[in-house]
Amino acid sequence: MLTHLGDMPVATFIRDYWQKRPLLIRQCFPGFECPFDENDLAGLALEEAVESRIIYEKRQGKPWQLERGPFRDKKLRKLPEVGWTLLIQGLDQWLPEMSDLLDQFRFLPGWRLDDIMASFAPPGGSVGPHYDHYDVFLIQALGRRRWQVGPVCDEQSPRVNGTPLRILDGFPVEQEWELEPGDVLYLPPAVAHHGVALENGITLSVGFRSPTQAELLSSFADYWIPQIDSPAFDRDYADLGRHTGRIPPEIVDDFKKSLTRLLERPNEMHSWMGRFLSHPKTDAVVEAPLEDSLPDDAELIEALREAPIRARWNDGSRYLYQCYEMPSKQTVVELFVDGQGFVLPADAQTFVEQLCHSNTVPEGLLSEAVKRPDLADVIVKLIRSGSLRVEHCDENDTGHI
Ligand code: SIN
Ligand code: CO
């Protein structure tokens, strides 16, 4: 994980720039070499499971048009010389190098990290002047790109008509930079920006998310509905009210009481939110390994205990945790991985913290942890569900367990 952005310690960045003002970091990744090129991106754009888009500066006489993938090979080969950008979302889920790059940004809260998006544009290409609702780090990966940055915008800022995209109708340029591979530009939410490729180039955007209240409410309801026969919700309203046509106020009061009872179960709230926030961006990425590719539980635990093990999260996985008090007043730590929750005693916190710290699991962590049956059980479940990948790393016996 990055400790400095250029010369600046991350603590200074968080205090002075994060969510406040743009920052250009020259050679944040010195000597950065993009591990893929536009042909690799085009290959991903053919895939059903990969979220891809092309933005055209002008198409059929209309400004800033959007086309969503997957695309056919023929279409990608026939793209015009200039005037378009190919965007691939969630690159970290498909390329381990990108998942490692995303991991560098875990000095920021893990639950806010979303993904790495790649954009490829020929010279002059851009996605148009715009602003985003979330923070973004723009990493120049290949070629040079000129970025112009302007003021904070909002819904009232003038927009281009005739496009489904939110393109600004220009903005007063306050700062302008030419970025080279390894340079990074940080932008807080709502700041106007416009990046134009000066040559064939790839930019990587580290994107953030922050769930809206509406998303939280909808997920909360989804979590509870299957459990509707729980004691908190065992009322039906058939016997309430005597007057045809009048909705008896007791119904509202009664429903409010049921909801209040639910909200007063703090452990359930923690469990639901952790599951929600740890849900993978793309479900299909977290795939369980084939049943017969793994030994039985006892052998698996033995193998983890005996041999040096290299382990990393599935590139599409999200690992988070929470500590909270149960109704019994016992404090627990709950590990959340890809929408699953594992409640553990408070003394498992150090293990959970280390497991959630980085996509590369520290050496020795698993072999030590499997000595405890409760942790061994969690580790085996994570391996079986495909959220954790382990392999032997001694010389004679490389390969998956
Ligand atoms: C791009 O990479 O072209 C656009 C990224 C952004 O503006 O957020
Ligand atoms: Co943007």
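Phe 13 touches Leu 5, Met 8, Trp 18, Leu 23, Phe 107, Phe 137 and Tyr 186, leaving aside residues up to four places away in sequence. These contacts come from a predicted model. The largest nonpolar core has 46 residues. Phe 13 is among those with the most contacts inside this core, along with Leu 91, Phe 137 and Leu 204. In soluble globular proteins, nonpolar side chains tend to be buried together.

Next comes the metal. Which residues hold the cobalt ion (ligand 2) as protein donors? They are His 130, Asp 132 and His 193. Each histidine donates through NE2, and Asp 132 through OD. The donors lie 2.1 Å from the ion. Along the chain they follow the spacing H-x1-D-x60-H. Are His 130 and Asp 132 buried or partly exposed? His 130 counts as buried, at 13% relative accessibility. Asp 132 counts as partly exposed, at 25%.

Now turn to helix H6, which covers residues 249-263. H6 has 15 residues. From its first C-alpha to its last it reaches 21 Å, close to the 21 Å expected at 1.5 Å a residue. Within H6, Asp 254, Ser 258 and Leu 262 are buried. Why do they share one side of H6? They cover an arc of only 85 degrees around the axis, so they fall on the same side. The buried residues of H6 pack against helix H5 (213-224). On the other side of H6, Lys 256 and Lys 257 are exposed.

Last, the cysteines. A disulfide is a covalent bond between the sulfur atoms of two cysteines. How many disulfides does a search of the whole structure find? The search finds zero. Take Cys 323 as a case. The closest cysteine sulfur to its own is in Cys 356, 10.0 Å away. Cys 323 is partly exposed, with a relative accessible area of 36%. Cys 356 is buried, with a relative accessible area of 10%.

Key. Residues are numbered from 1 along each chain as its sequence is written. Chains are lettered from A and ligands numbered from 1 in the order in which they are written. This is a predicted model: local features need pLDDT of at least 70, side-chain atom pairs count only at pLDDT 80 or more; totals for chains, interfaces and linings use all residues. Side-chain values use heavy atoms; hydrogens and water are left out. A disulfide is a pair of cysteine sulfur atoms within 2.5 Å. Buried means under 20% relative accessible area, exposed over 50%, partly exposed in between (1.4 Å probe, protein chains only). A nonpolar core is a set of buried Ala, Val, Leu, Ile, Met, Phe, Trp, Tyr and Cys residues joined through side-chain atoms within 4.5 Å. Contact means heavy atoms within 4.5 Å. Donors are N, O and S atoms within 2.8 Å of the metal (3.2 Å for Na, K and Ca); water is not among the atoms, so sites may look incomplete. Helices (H or I, at least four residues) and strands (E, at least two) are DSSP runs, numbered from the N terminus. The expected span of a helix is 1.5 Å times one less than its number of residues. The arc is that of the directions from the helix axis to the C-beta atoms.
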